[in-house]
Amino acid sequence: MENEIRMDNEDIAYRRQVVETYKPDVERLIRYLPWLEQKAGTSVEETFEGSGIKGHSITFPVYDGTLMSFIKEVQKTTLIDRNYPYVYSKYRYRTVQDELKAIDRASIKDMDILKGILSKYVLGGMTKGRLWTEAVYNRIFLNVIRKMKENLEFWDKPMV
């Protein structure tokens with residue numbers, strides 16, 4: 001009985017610590033939720049073809065300004081995990097469907113999973129820009145931020 005009480009107190013303390021650690025960063029990102037919702041299922045990149053560049057040079061993608069602001073904001077947070085490949089190998093995530101199921105099932109104890117998925121797309125997009133547009137199109141960014149907010153609000157007061 002004493003062990004159960006101690007475990008409950010440790011569990012509550014752990015959850016409090018998670019809330020204190022991640023809440024400020026998630027609060028900074030929830031302002032992007034309406035935009036992410038609006039853009040889900042659409043492309044947030046265009047190909048630059050100005051001044052006849054297509055015939056003489058390599059075309060390149062131009063990303064939506066709000067997407068770039070979101071990416072820069074995420075990079076300033078503690079939500080980036082450079083060791084995200086470990087999460088993918090540990091839980092054997094291979095497809096977008098695997099990621100979406102993991103996000104949906106994630107509790108406050110699974111912040112490492114949510115951070116790993118977010119990090120894959122934010123950091124991976126630095127070299128493969130299509131990952132950013134895929135994350136918006138497939139609702140990865142939207143669902144991760146929404147789930148983080150939901151989990152933190154469950155153990156704390158609602159965020160605006």
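A nonpolar core is a set of buried Ala, Val, Leu, Ile, Met, Phe, Trp, Tyr and Cys residues joined through side-chain atoms within 4.5 Å. The views below are taken from a predicted model.

**Figure 1. The largest nonpolar core has 46 residues.** Leu 67, Phe 70, Ile 117, Leu 118 and Phe 141 have the most contacts inside this core. At least two core residues come from each of helix H1 (2-29), helix H2 (33-39), helix H4 (65-75), H5, H6, H7, H8 and H9. The greatest contribution is that of H7, which gives eight residues.

**Figure 2. Surroundings of Ile 117.** Leaving aside residues up to four places away in sequence, Ile 117 touches Tyr 88, Tyr 93, Glu 99, Ala 102, Ile 103, Ile 140 and Val 144. Ile 117 is also one of the residues with the most contacts inside the largest nonpolar core.

Figure 3. An α-helix has 3.6 residues a turn, so residues three or four places apart point the same way.

**Figure 4. Packing of H6 against H7.** Two packed helices are described by the angle between their axes and the distance between the axes. For H6 and H7 the angle is about 145°, and the axes are 10 Å apart. The crossing of H6 past H7 is left-handed. On the H6 side the meeting residues are Val 96, Glu 99, Ala 102 and Ile 103; on the H7 side they are Ile 113, Leu 114, Ile 117, Lys 120 and Tyr 121.

**Figure 5. Packing of H5 against H7.** H5 and H7 cross in a left-handed way. H5 makes the contact through Tyr 84, Val 87, Tyr 88 and Tyr 91, while the residues of H7 include Asp 112, Ile 113, Gly 116 and Ile 117.

**Figure 6. Helix H8 (residues 130-137) and the residue Arg 139.** Leu 131, Trp 132, Thr 133, Ala 135 and Val 136 are buried in H8. Just after H8, Arg 139 has a positive phi of about 70°.

Technical notes: Residues numbered from 1 in each chain as written. Predicted model: local features only at pLDDT ≥ 70, side-chain atom pairs only at ≥ 80, totals over all residues. Heavy atoms only, no water. Buried < 20%, exposed > 50% of the residue type's maximum accessible area, 1.4 Å probe, protein only. Helix = DSSP H or I, 4+ residues; strand = E, 2+ residues; numbered from the N terminus. Contact = heavy atoms within 4.5 Å. Axes fitted to C-alpha atoms, helices over the stretch in contact; angles between N-to-C directions. Left-handed = near helix turned anticlockwise from the far one by under 90°.
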